[in-house]
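Here are my notes on the model, point by point. Please read them with the structure open.

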Amino acid sequence: MGSSQGSTLSADVMSLVDTLPVLAKTLIAGGAAGAIAKTAVAPLERIKILLQTRTNDFRTLGVSQSLKKVLQFDGPLGFYKGNGASVIRIIPYAALHYMTYEVYRDWILQKNLPLGSGPIVDLVAGSAAGGTAVLCTYPLDLARTKLAYQVSDTRQVGANGFYRQPTYSGIKEVLAMAYKEGGPRGLYRGIGPTLIGILPYAGLKFYIYEELKRHVPEEHQNSVRMHLPCGALAGLFGQTITYPLDVVRRQMQVENLQPMTSEGNNKRYKNTFDGLNTIARTQGWRQLFAGLSINYIKIVPSVAIGFTVYESMKSWMRIPPRERSKPA
(Lines give C-alpha, C1' and ligand atoms only; values in the text may rest on other atoms or scores of the structure.)
Protein backbone atom coordinates (compact mmCIF):
# COMPACT_ATOMS: atom_id res chain seq x y z
CA MET A 1 0.00 0.00 0.00
CA GLY A 2 2.73 2.43 1.06
CA SER A 3 4.81 1.57 -2.00
CA SER A 4 1.82 2.16 -4.27
CA GLN A 5 1.10 5.57 -2.72
CA GLY A 6 4.76 6.51 -3.04
CA SER A 7 4.77 5.55 -6.71
CA THR A 8 1.61 7.58 -7.32
CA LEU A 9 3.08 10.64 -5.57
CA SER A 10 6.29 10.33 -7.56
CA ALA A 11 4.32 10.10 -10.81
CA ASP A 12 2.27 13.17 -9.84
CA VAL A 13 5.43 15.15 -9.10
CA MET A 14 6.98 14.19 -12.42
CA SER A 15 3.77 15.10 -14.23
CA LEU A 16 3.91 18.53 -12.62
CA VAL A 17 7.61 18.93 -13.45
CA ASP A 18 6.95 17.98 -17.09
CA THR A 19 4.48 20.88 -17.42
CA LEU A 20 7.14 23.45 -16.48
CA PRO A 21 8.90 25.40 -19.23
CA VAL A 22 12.57 24.60 -19.76
CA LEU A 23 13.74 27.93 -18.28
CA ALA A 24 11.77 27.29 -15.08
CA LYS A 25 13.34 23.83 -14.79
CA THR A 26 16.79 25.36 -15.29
CA LEU A 27 16.11 27.92 -12.56
CA ILE A 28 15.09 25.16 -10.12
CA ALA A 29 18.12 23.02 -11.01
CA GLY A 30 20.50 25.95 -10.59
CA GLY A 31 18.96 27.06 -7.30
CA ALA A 32 19.15 23.56 -5.83
CA ALA A 33 22.75 23.18 -6.97
CA GLY A 34 23.77 26.46 -5.36
CA ALA A 35 22.01 25.86 -2.04
CA ILE A 36 23.38 22.34 -1.55
CA ALA A 37 26.93 23.26 -2.58
CA LYS A 38 27.04 26.41 -0.41
CA THR A 39 25.72 24.69 2.72
CA ALA A 40 28.14 21.79 2.30
CA VAL A 41 31.14 24.11 2.61
CA ALA A 42 29.68 26.82 4.90
CA PRO A 43 32.19 26.28 7.79
CA LEU A 44 35.14 26.68 5.42
CA GLU A 45 33.57 29.76 3.83
CA ARG A 46 33.20 31.39 7.26
CA ILE A 47 36.86 30.81 8.10
CA LYS A 48 37.93 32.12 4.70
CA ILE A 49 36.06 35.39 5.26
CA LEU A 50 37.59 35.81 8.71
CA LEU A 51 41.09 35.24 7.34
CA GLN A 52 40.45 37.77 4.56
CA THR A 53 38.99 40.52 6.73
CA ARG A 54 40.09 40.16 10.37
CA THR A 55 43.72 40.76 9.53
CA ASN A 56 44.78 41.49 13.13
CA ASP A 57 42.81 38.67 14.76
CA PHE A 58 43.28 35.73 12.41
CA ARG A 59 46.35 36.61 10.37
CA THR A 60 48.73 34.43 12.39
CA LEU A 61 46.29 31.57 12.82
CA GLY A 62 46.17 28.61 10.49
CA VAL A 63 43.00 26.91 9.33
CA SER A 64 42.80 24.48 12.26
CA GLN A 65 43.41 27.19 14.90
CA SER A 66 40.84 29.45 13.24
CA LEU A 67 38.28 26.65 13.38
CA LYS A 68 39.05 26.14 17.09
CA LYS A 69 38.75 29.89 17.75
CA VAL A 70 35.32 30.11 16.14
CA LEU A 71 34.17 26.98 17.97
CA GLN A 72 35.40 28.46 21.28
CA PHE A 73 33.59 31.78 20.98
CA ASP A 74 30.56 30.99 18.78
CA GLY A 75 29.99 27.28 19.33
CA PRO A 76 29.17 24.74 16.59
CA LEU A 77 26.48 26.97 15.07
CA GLY A 78 29.12 29.68 14.66
CA PHE A 79 30.44 27.80 11.64
CA TYR A 80 27.14 28.59 9.94
CA LYS A 81 26.88 32.25 10.96
CA GLY A 82 25.78 34.14 7.86
CA ASN A 83 24.90 30.92 6.04
CA GLY A 84 21.20 31.83 6.11
CA ALA A 85 21.95 35.00 4.13
CA SER A 86 24.31 32.97 1.96
CA VAL A 87 21.65 30.40 1.05
CA ILE A 88 19.00 33.09 0.54
CA ARG A 89 21.45 34.75 -1.84
CA ILE A 90 22.83 31.66 -3.52
CA ILE A 91 19.46 30.20 -4.55
CA PRO A 92 18.51 33.13 -6.82
CA TYR A 93 22.18 33.74 -7.68
CA ALA A 94 22.87 30.18 -8.82
CA ALA A 95 19.45 29.88 -10.46
CA LEU A 96 20.06 33.07 -12.47
CA HIS A 97 23.69 32.12 -13.15
CA TYR A 98 22.92 28.73 -14.68
CA MET A 99 19.73 29.86 -16.43
CA THR A 100 21.18 33.02 -18.01
CA TYR A 101 24.25 31.03 -19.04
CA GLU A 102 22.01 28.71 -21.04
CA VAL A 103 20.05 31.68 -22.45
CA TYR A 104 23.15 33.68 -23.43
CA ARG A 105 24.81 30.60 -24.88
CA ASP A 106 21.80 29.73 -27.04
CA TRP A 107 21.44 33.37 -28.13
CA ILE A 108 25.10 33.56 -29.21
CA LEU A 109 24.78 30.35 -31.22
CA GLN A 110 21.48 31.40 -32.82
CA LYS A 111 22.83 34.83 -33.83
CA ASN A 112 25.88 33.26 -35.48
CA LEU A 113 28.17 35.77 -33.79
CA PRO A 114 31.85 35.62 -34.81
CA LEU A 115 32.77 33.51 -31.79
CA GLY A 116 32.58 30.14 -33.44
CA SER A 117 30.72 27.34 -31.67
CA GLY A 118 33.48 26.07 -29.41
CA PRO A 119 34.24 26.65 -25.71
CA ILE A 120 34.85 30.38 -26.35
CA VAL A 121 31.05 30.66 -26.43
CA ASP A 122 30.95 29.16 -22.94
CA LEU A 123 33.56 31.70 -21.81
CA VAL A 124 31.50 34.68 -23.04
CA ALA A 125 28.13 33.28 -21.92
CA GLY A 126 29.51 32.33 -18.51
CA SER A 127 30.99 35.79 -17.95
CA ALA A 128 27.75 37.55 -18.91
CA ALA A 129 25.72 35.18 -16.74
CA GLY A 130 28.01 35.77 -13.76
CA GLY A 131 27.68 39.55 -14.10
CA THR A 132 23.89 39.32 -14.37
CA ALA A 133 23.58 37.13 -11.27
CA VAL A 134 25.89 39.36 -9.20
CA LEU A 135 24.00 42.56 -10.03
CA CYS A 136 20.68 40.98 -9.03
CA THR A 137 21.80 39.48 -5.71
CA TYR A 138 24.75 41.55 -4.47
CA PRO A 139 23.08 43.14 -1.38
CA LEU A 140 22.56 39.64 0.05
CA ASP A 141 26.25 38.86 -0.45
CA LEU A 142 27.06 42.06 1.45
CA ALA A 143 24.80 40.91 4.30
CA ARG A 144 26.36 37.44 4.33
CA THR A 145 29.89 38.87 4.66
CA LYS A 146 29.00 41.31 7.46
CA LEU A 147 27.27 38.57 9.45
CA ALA A 148 30.14 36.12 8.93
CA TYR A 149 32.65 38.78 10.02
CA GLN A 150 31.17 39.02 13.52
CA VAL A 151 32.83 36.93 16.22
CA SER A 152 31.18 36.84 19.63
CA ASP A 153 33.22 36.97 22.83
CA THR A 154 30.77 36.15 25.58
CA ARG A 155 33.49 36.80 28.18
CA GLN A 156 34.28 40.22 26.60
CA VAL A 157 38.00 39.66 26.98
CA GLY A 158 40.53 41.91 25.30
CA ALA A 159 40.82 45.64 25.74
CA ASN A 160 42.08 46.05 22.21
CA GLY A 161 38.79 44.93 20.72
CA PHE A 162 40.18 41.59 19.53
CA TYR A 163 36.64 40.24 19.60
CA ARG A 164 33.59 42.39 19.07
CA GLN A 165 30.04 41.85 20.14
CA PRO A 166 27.79 41.24 17.13
CA THR A 167 26.59 44.44 15.51
CA TYR A 168 23.78 42.91 13.46
CA SER A 169 21.00 40.59 14.49
CA GLY A 170 20.06 39.45 11.00
CA ILE A 171 19.85 40.11 7.26
CA LYS A 172 17.14 42.76 7.52
CA GLU A 173 19.15 44.85 9.98
CA VAL A 174 22.33 44.61 7.87
CA LEU A 175 20.54 45.83 4.75
CA ALA A 176 18.68 48.58 6.63
CA MET A 177 21.88 49.95 8.19
CA ALA A 178 23.81 49.72 4.90
CA TYR A 179 21.06 51.70 3.16
CA LYS A 180 20.94 54.24 5.99
CA GLU A 181 24.71 54.77 5.85
CA GLY A 182 25.11 55.01 2.08
CA GLY A 183 21.75 54.83 0.33
CA PRO A 184 21.50 52.48 -2.68
CA ARG A 185 25.28 52.73 -3.15
CA GLY A 186 25.76 51.45 0.38
CA LEU A 187 24.05 48.20 -0.62
CA TYR A 188 26.56 47.76 -3.43
CA ARG A 189 29.79 48.61 -1.58
CA GLY A 190 32.47 46.36 -3.09
CA ILE A 191 30.54 45.65 -6.31
CA GLY A 192 33.53 46.87 -8.39
CA PRO A 193 36.00 44.11 -7.51
CA THR A 194 33.13 41.63 -7.49
CA LEU A 195 32.24 42.34 -11.12
CA ILE A 196 35.87 42.56 -12.21
CA GLY A 197 36.47 39.20 -10.55
CA ILE A 198 33.24 37.40 -11.46
CA LEU A 199 33.43 38.11 -15.20
CA PRO A 200 36.65 36.16 -15.78
CA TYR A 201 35.93 33.66 -12.98
CA ALA A 202 32.44 32.73 -14.16
CA GLY A 203 33.57 32.64 -17.77
CA LEU A 204 36.62 30.50 -17.02
CA LYS A 205 34.57 28.18 -14.83
CA PHE A 206 32.11 27.34 -17.61
CA TYR A 207 34.82 27.41 -20.29
CA ILE A 208 37.06 24.93 -18.48
CA TYR A 209 34.12 22.73 -17.46
CA GLU A 210 32.77 22.49 -21.02
CA GLU A 211 36.25 22.05 -22.49
CA LEU A 212 36.95 19.15 -20.12
CA LYS A 213 33.53 17.63 -20.85
CA ARG A 214 34.26 17.79 -24.57
CA HIS A 215 37.02 15.22 -24.08
CA VAL A 216 34.74 12.80 -22.23
CA PRO A 217 33.05 10.05 -24.28
CA GLU A 218 29.36 10.84 -24.86
CA GLU A 219 28.19 7.72 -23.02
CA HIS A 220 29.77 9.10 -19.84
CA GLN A 221 28.39 12.65 -20.16
CA ASN A 222 25.86 12.16 -17.32
CA SER A 223 28.21 10.28 -15.01
CA VAL A 224 28.79 11.72 -11.53
CA ARG A 225 32.39 10.54 -11.82
CA MET A 226 32.74 12.90 -14.78
CA HIS A 227 30.96 15.92 -13.25
CA LEU A 228 32.94 15.91 -9.98
CA PRO A 229 36.50 16.14 -11.37
CA CYS A 230 35.56 18.45 -14.25
CA GLY A 231 33.69 20.81 -11.92
CA ALA A 232 36.48 20.72 -9.34
CA LEU A 233 39.21 21.60 -11.85
CA ALA A 234 37.05 24.35 -13.36
CA GLY A 235 36.56 26.01 -9.98
CA LEU A 236 40.21 25.58 -8.98
CA PHE A 237 41.66 27.36 -12.01
CA GLY A 238 39.04 30.08 -12.14
CA GLN A 239 39.27 30.97 -8.46
CA THR A 240 43.09 31.08 -8.33
CA ILE A 241 43.30 33.70 -11.07
CA THR A 242 40.72 36.04 -9.53
CA TYR A 243 41.31 35.48 -5.80
CA PRO A 244 42.97 38.86 -4.89
CA LEU A 245 39.84 40.63 -6.11
CA ASP A 246 37.78 38.55 -3.69
CA VAL A 247 39.98 39.75 -0.80
CA VAL A 248 39.45 43.39 -1.79
CA ARG A 249 35.71 42.83 -2.08
CA ARG A 250 35.43 41.30 1.40
CA GLN A 251 37.49 44.05 3.02
CA MET A 252 35.39 46.75 1.35
CA GLN A 253 32.21 45.04 2.54
CA VAL A 254 33.21 45.15 6.23
CA GLU A 255 34.90 48.57 6.31
CA ASN A 256 32.28 50.05 8.64
CA LEU A 257 32.92 47.27 11.19
CA GLN A 258 36.64 47.98 11.43
CA PRO A 259 38.52 50.62 13.49
CA MET A 260 38.68 54.21 12.24
CA THR A 261 41.68 55.23 10.14
CA SER A 262 43.93 58.18 10.97
CA GLU A 263 41.67 60.34 8.80
CA GLY A 264 38.75 59.64 11.11
CA ASN A 265 36.76 57.31 8.83
CA ASN A 266 36.75 53.66 7.93
CA LYS A 267 36.57 53.97 4.15
CA ARG A 268 39.98 52.53 3.31
CA TYR A 269 39.81 52.07 -0.46
CA LYS A 270 38.64 54.48 -3.16
CA ASN A 271 38.18 51.75 -5.74
CA THR A 272 39.25 48.24 -6.69
CA PHE A 273 42.76 49.06 -7.86
CA ASP A 274 43.38 51.34 -4.90
CA GLY A 275 42.33 48.42 -2.70
CA LEU A 276 44.76 46.02 -4.37
CA ASN A 277 47.61 48.54 -4.08
CA THR A 278 46.84 49.55 -0.48
CA ILE A 279 46.51 45.98 0.79
CA ALA A 280 49.78 44.96 -0.87
CA ARG A 281 51.56 48.05 0.53
CA THR A 282 50.20 48.09 4.09
CA GLN A 283 49.34 44.45 4.80
CA GLY A 284 51.79 42.74 2.47
CA TRP A 285 51.13 41.05 -0.86
CA ARG A 286 50.50 37.76 0.95
CA GLN A 287 47.28 39.22 2.37
CA LEU A 288 45.89 39.30 -1.19
CA PHE A 289 45.99 35.51 -0.98
CA ALA A 290 44.87 35.16 2.65
CA GLY A 291 42.60 32.16 2.97
CA LEU A 292 43.55 30.80 -0.46
CA SER A 293 44.57 27.42 0.96
CA ILE A 294 41.22 26.99 2.67
CA ASN A 295 39.58 28.26 -0.48
CA TYR A 296 41.19 25.40 -2.38
CA ILE A 297 39.77 23.00 0.18
CA LYS A 298 36.37 24.69 -0.19
CA ILE A 299 36.14 25.47 -3.89
CA VAL A 300 36.87 21.96 -5.14
CA PRO A 301 33.90 20.28 -3.41
CA SER A 302 31.74 23.41 -3.80
CA VAL A 303 32.00 23.72 -7.59
CA ALA A 304 32.10 19.96 -8.06
CA ILE A 305 28.93 19.48 -5.98
CA GLY A 306 27.30 22.43 -7.76
CA PHE A 307 27.87 21.09 -11.26
CA THR A 308 26.97 17.54 -10.20
CA VAL A 309 23.66 18.55 -8.59
CA TYR A 310 22.86 20.83 -11.54
CA GLU A 311 23.46 18.11 -14.12
CA SER A 312 21.61 15.53 -11.99
CA MET A 313 18.61 17.85 -11.55
CA LYS A 314 18.56 18.53 -15.30
CA SER A 315 18.51 14.81 -15.95
CA TRP A 316 15.81 14.17 -13.30
CA MET A 317 13.59 16.95 -14.68
CA ARG A 318 14.18 15.68 -18.21
CA ILE A 319 15.59 18.94 -19.56
CA PRO A 320 16.51 18.31 -23.21
CA PRO A 321 20.28 18.09 -23.78
CA ARG A 322 21.72 21.13 -25.56
CA GLU A 323 24.15 21.19 -28.40
CA ARG A 324 27.62 20.15 -27.32
CA SER A 325 30.53 22.55 -27.74
CA LYS A 326 32.69 21.88 -30.79
CA PRO A 327 36.40 22.50 -31.07
CA ALA A 328 37.19 26.14 -31.84
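1. A polar contact is a pair of N or O atoms within 3.5 Å; within protein, one must be able to donate a hydrogen and the other to accept it, and residues adjacent in sequence count only if both atoms are side-chain atoms. The side chains of Asp-122 and Tyr-101 make such a contact, at 2.5 Å. Asp-122 sits in helix H7; helices are DSSP runs (H or I, at least four residues), numbered from the N terminus. Asp-122 has a relative accessible area of 0%. That makes Asp-122 buried, a term for under 20% relative accessible area (1.4 Å probe, protein chains only).

2. On provenance: this is a predicted model, where local features need pLDDT of at least 70 and side-chain atom pairs count only at pLDDT 80 or more, while totals for chains, interfaces and linings use all residues. Residues are numbered from 1 along each chain as its sequence is written, and side-chain values use heavy atoms, with hydrogens and water left out.

3. Asp-74 belongs to helix H5 (residues 63-74). Is Asp-74 buried or exposed? Buried, because its relative accessible area is 17%. Its side chain has a polar contact of 3.3 Å with that of Arg-46. Gln-150 is 76 residues away along the chain, yet the C-alpha atoms of Asp-74 and Gln-150 are separated by 9.6 Å.

4. Now the core. The largest nonpolar core has 40 residues; such a core is a set of buried Ala, Val, Leu, Ile, Met, Phe, Trp, Tyr and Cys residues joined through side-chain atoms within 4.5 Å. Tyr-93, Tyr-98, Val-134, Ile-198, Phe-307 and Met-317 touch the most other members. Helices supplying at least two residues of this core include H6 (83-110), H7 (119-149) and H12 (292-316). H6 gives the largest share, 8 residues.

5. Look at Phe-307. Leaving aside neighbours within four places in sequence, Phe-307 is in contact (heavy atoms within 4.5 Å) with Tyr-98, Lys-205, Phe-206, Tyr-209 and Gly-231.

6. Last, the cavity. A cavity is a set of points on a 1 Å grid over the protein atoms alone where a 1.4 Å probe fits but cannot get out; lining residues have an atom within 4 Å of a point. The largest cavity holds about 670 Å³. Its lining has 35 residues, with Lys-38, Arg-89, Tyr-93, Ile-198 and Tyr-201 nearest the centre. H10 contributes the most to this lining, 7 residues.

Definitions and conventions:
Buried means under 20% relative accessible area, exposed over 50%, partly exposed in between (1.4 Å probe, protein chains only). On a 1 Å grid over the protein atoms alone, a cavity is a set of points where a 1.4 Å probe fits but cannot get out, and a pocket is an open set with protein on both sides within 12 Å along at least five of seven lines; lining residues have an atom within 4 Å of a point. Grid points are joined across faces, edges and corners, and a volume is the space filled by probe spheres set on the points.
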